Amino acid sequence: MHKLLLLWVLWVLLLRGCVDGFQLHLNETEMAYNLEGYGISTANPNPNPLMVPLTLIHAAHATGAVCLDGTLPGYHLHRGYGSGVNSWLIHLEGGGWCNNIRNCVYRKKTRRGSSVYMEKQLPFTGILSNNAEENPDFFNWNRVKLRYCDGASFTGDSQDKAAQLYFRGQRIWLAAMQDLMSKGMRYANKVLLSGCSAGGLASILHCDEFRDLFPGTTKVKCLSDAGLFLDATDVSGGRTLRNMFRGVVNLQGAKENLPRTCTSHLDPTSCFFPENLIANIKTPMFLLNAAYDAWQVQASLAPPSADPHGYWRECRMNHARCSPSQTQFLQGFRIEMLKAIRGFSMSRQNGLFINSCFAHCQTERQDTWFSDSSPLIRNKGIAQSVGDWYFDRTGVKEIDCPYPCDRTCHNLVFR
């Protein structure tokens, strides 16, 4: 009954001409883990995670650094202590994008576009956990989760007065950094900028800009989790994600805030894709990504708009139901990803963890970040790999063998 209702709602949205933007938002927020078939426990190792309150950035109003609906942006901060008192981890929240007036208007009535609807407290788990047994390298750092309410990976700078929409992602980024610097980040000796999904893309886009906030003596690195969005061809031969990104960049006025090293020779839409950015980033960066990124399979490679007859529906919902030809298509996507990171991986300062899972965002969940059943490549998990790379304990360039070789994956399926 619920499936029929969902199909009816999607059909109505399709008729209204807004399904693409809505689908991209829905897929990122409605993912659910189903690990029963893999013998993996879904229980959170910590049933009572640290809850951290929302802090609004009141000074942001003076510079027009506001969410889509004009409300103040915010973040969640838990102070560091002991050896981590002068170390800072800034984690950028994900949550898709909006690429036209209709879906930005929809978005501004959610937590993705207004602080009115944001949770007043968030659990800090995974890379944000304050528990040394769950987060051995960063547990006592100052840890921040910057909320995402602009819909353009913190890059836009425009507005639409008629629709009462404020595209101020770049200003939000600057206001948040200024506020955190005033709260002690300026004295940091170690900092890590991380992010998940759209936030993972933002950590790539803003990495060198973040580095420039600090003196040369500060250890600054960046981590992108599930932010390696590819300019890939979808199952119909089209470019679903490129069309989406073109709308985001043009609508939100992001062009001027994209890295000049890219826009000097490529069009702005191409410069929203990490594959055209990562080779020119000067700051050390770590790319954590699933080779079969579940969000990209859902919303970029095989979205309903590119699959009108539903041939990909079962495969899109659950990789175990993919036909041999569909699996071959997905193997081609993995090969594209490996080609995209080839130049990046040659730099000694950069790190990689590309596992052959159908997953998306692996730093935020405790079961994927650090637990007894976390995903592994050559017996090394994600938290250890990131820590080894950040602290220069060893170089990390981990690339998994192709699906279905990895039995440690926490694969995503969709309800």
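Let's begin with strand E12, which is covered on both faces: Gly351, Phe353 and Asn355 on one side, and Leu352 and Ile354 on the other, are all buried. Here, buried means under 20% relative accessible area, exposed means over 50%, and partly exposed lies in between, using a 1.4 Å probe and protein chains only. Strands (E, at least two residues) and helices (H or I, at least four) are DSSP runs, numbered from the N terminus.

This is a predicted model, where local features need pLDDT of at least 70 and side-chain atom pairs count only at pLDDT 80 or more, while totals for chains, interfaces and linings use all residues. Residues are numbered from 1 along each chain as its sequence is written, and side-chain values use heavy atoms, leaving out hydrogens and water.

Why is E12 largely enclosed by the rest of the structure? Because 5 of the 5 residues in this strand, residues 351–355, are buried. In a regular strand, side chains alternate between the two faces of the sheet.

Now look at the partners of E12. Strands pair if DSSP finds at least two bridges between them. E12 pairs with strand E11 (residues 285–290) in the parallel sense over 5 bridges, and Leu352 is the bridge partner of Leu287. Strand E15 (residues 397–399) also runs parallel to E12, joined by 3 bridges; there, Glu398 is the bridge partner of Phe353.

Finally, find Val396 in the loop between helix H14 (382–390) and E15. Val396 is buried, with a relative accessible area of 1%. Beyond its neighbours within four places in sequence, Val396 is in contact (heavy atoms within 4.5 Å) with residues including Phe286, Gly351, Leu352 and Trp389.
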